[in-house]
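Colleague: I'm new to this one. Can you show me the model, and then I'll ask how you know what you know?

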Amino acid sequence: MDEKGNILHSYGIYAQPLPQAPTEYIHVLQQQEEALIAICRKLNQSNDEQVETALTKYFHPAHLIGKQPVQFHCGCSKEMFYGVLYAMNQQELAQYVTDQRSIEANCHICGKIYSFSPAEIKKAL
Ligand SMILES: [Zn+2]
């Protein structure tokens, strides 16, 4: 983070063994978590060769095969959450319409909140 609290970079380790890969690589990853996090912390200050050298200490040999920026994306939409309405008890939905109350659905992936008005709830009845 910078002095204003903005996130400048973050890191994570994603490992997916290729078919036929020795399973001990996953155990090595788990056992060397702290060392790998230290490597990740230096990614911005390291060139590819330095990263490969650092990783080769744990994986023989390590080769960077690509880099790409990552960003968080959630593909949720309000339409996806209509299924929640259809799964609810019909009497309960009718009560929301009668009381003129909305129903809020929260996406557990991105945190977006979708609100369904009594008119929208009525369509699910
Ligand atoms: Zn979402």
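Predicted model: local features only at pLDDT ≥ 70, side-chain atom pairs only at ≥ 80, totals over all residues.

Colleague: Which domains does the chain have, and how far apart are their centres?

Modeller: The domain assignment gives domain 1 (1-71) and domain 2 (78-123). Their centres, taken over C-alpha atoms, are 42 Å apart.

Colleague: Why is Ile 121 called buried?

Modeller: Just count neighbours. The cut-off for buried is 20 or more other C-beta atoms within 10 Å. Ile 121 has 21 of them, so Ile 121 counts as buried. You'll find Ile 121 in helix H6, residues 118-123.

Colleague: What makes up the surroundings of Ile 121, leaving aside its neighbours within four places in sequence?

Modeller: Its contacts there are Leu 85, Leu 93, Tyr 96, Val 97, Ile 103 and Phe 116. Take Leu 85: it sits 36 residues away from Ile 121 along the chain, yet their C-alpha atoms are 7.1 Å apart. Across the whole chain, 43% of the contacts with a separation of 6 or more are between residues 24 or more positions apart.

Colleague: Ile 103 and Phe 116 are both on that list. What is the link between Ile 103 and Phe 116 in the strands?

Modeller: They're bridge partners, with Phe 116 in E2. Glu 104 likewise has a residue opposite in E2, namely Ser 115.

Colleague: What makes E1 and E2 a pair, and in which sense do they run?

Modeller: Pairing takes at least two bridges between the strands. Strand E1 (residues 103-106) and strand E2 (residues 113-116) have four bridges, so they pass, and the sense is antiparallel.

Colleague: And what lies between E1 and E2 in the hairpin?

Modeller: Six residues. Look for Gly 111 in the turn, where phi is positive, at about 90 degrees.

Note on methods
Residues numbered from 1 in each chain as written. Contact = placed C-beta atoms within 7 Å. Helix = DSSP H or I, 4+ residues; strand = E, 2+ residues; numbered from the N terminus. Buried ≥ 20, exposed ≤ 12 C-beta atoms within 10 Å, placed from the backbone. Domains from an automatic or database assignment.
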